[in-house]
Amino acid sequence: MRSAEYWVTHLKLLPHPEGGFYKETYRSAEEIPPSALPNCFGGPRNFSTAIYFLLRATDKSLFHRIKSDETWHYHAGDTLQIYVLTGTGLIIHRLGSHADLGDTLQVTIPANHWFGALVSQNGQYTLSGCTVAPGFDFQDFELGIRENLLREFPGQEEIIKRLTP
């Protein structure tokens, strides 16, 4: 198995603001005009965007949300646990290659849901891809604030404390 450092170096990944490393690999040339988007978008958005995203066991993807659906694709490494806070509780998706253990090769996080991720226990790293439609724009990115999430999602204190700054 390749190391996390191998992928960071060879894919030219950069540090990501929420944790881990990334590189944008696709941004559609065409845009959706603001008039065709929900009011929450402050301007035009590309049809779609895609990135590589790598988390090491020492990293965490902090709770954040975006205004678009985001589909995660497993590429290499260990299983990634993606935590999604919902009004009915916590959902934990397993992104990885061990279908017999409940892993799936793709996971879609609906728009406006708080989510974060950790490499599975005893894992080294996970290399994934993320596709966002309408395309990702940092204007649409919101990092979770611990106190607000604790108020909104009582009973999820442990994971909220673990995945917030």
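Tutor: Let's start with arginine 65, whose bridge partner in S13 is glutamate 142. Strands here are DSSP runs of E with at least two residues, while helices are runs of H or I with at least four, both numbered from the N terminus. Keep in mind that this is a predicted model, in which local features need pLDDT of at least 70 and side-chain atom pairs count only at pLDDT 80 or more, whereas totals for chains, interfaces and linings use all residues. Residues are numbered from 1 along each chain as its sequence is written, and side-chain values use heavy atoms, with hydrogens and water left out.

S6 and S13 run antiparallel and are joined by two bridges; two strands pair if DSSP finds at least two bridges between them. Strand S6 covers residues 61-65, and four of its five residues are buried, where buried means under 20% relative accessible area, exposed over 50% and partly exposed in between, with a 1.4 Å probe and protein chains only. S6 also pairs with strand S11 (residues 114-119), again antiparallel and over two bridges. In that pairing, serine 61 stands opposite alanine 117 of S11.

Now zoom out to the whole sheet. It is open, with five strands in the order S9-S8-S11-S6-S13 and antiparallel pairing. Its edges are strand S9 (89-95) and strand S13 (142-143), each of which pairs on one side only. As a reminder, strands of a sheet pair through backbone hydrogen bonds, either parallel or antiparallel.

Glutamine 81 has another link to follow. Serine 120, in the loop between S11 and S12, touches Asp78, Thr79 and Gln81, leaving aside residues up to four places away in sequence; contact means heavy atoms within 4.5 Å. Serine 120 counts as buried because its relative accessibility is 14%.

Asparagine 112 sits between strand S10 (106-109) and S11, with a positive phi of about 65° although it is not a glycine. Asparagine 112 counts as partly exposed, because its relative accessibility is 44%. Lysine 12, in the loop between helix H1 (4-10) and strand S1 (14-15), also has a positive phi, near 55°. Lysine 12 is exposed because its relative accessible area is 58%.

Back towards S13, the loop between strand S12 (125-133) and S13 holds proline 134. The peptide bond from alanine 133 to proline 134 is cis, with omega near -10°. For context, most residues other than glycine have a negative phi, and most peptide bonds are trans.

S12 belongs to an open sheet of six strands, ordered S1-S2-S5-S12-S7-S10 with antiparallel pairing. S1 and S10 are its edge strands, each pairing on one side only. Inside this sheet, strand S2 (residues 21-27) and strand S5 (residues 49-56) run antiparallel and are joined by six bridges. Tyrosine 26 stands opposite alanine 50 of S5 there.

Finally, the overall picture. The protein has three helices and 13 strands, and its C-alpha trace spans about 45 × 40 × 30 Å along the principal axes. The radius of gyration, taken over C-alpha atoms, is compared with a globule rule of 2.2 Å times the number of residues to the power 0.38. For 165 residues a compact globule would have a value near 15 Å, and the 16 Å of the protein agrees with that. Buried residues make up 49% of the 165 residues. Among contacts between residues at least 6 apart in sequence, 73% join residues at least 24 apart.
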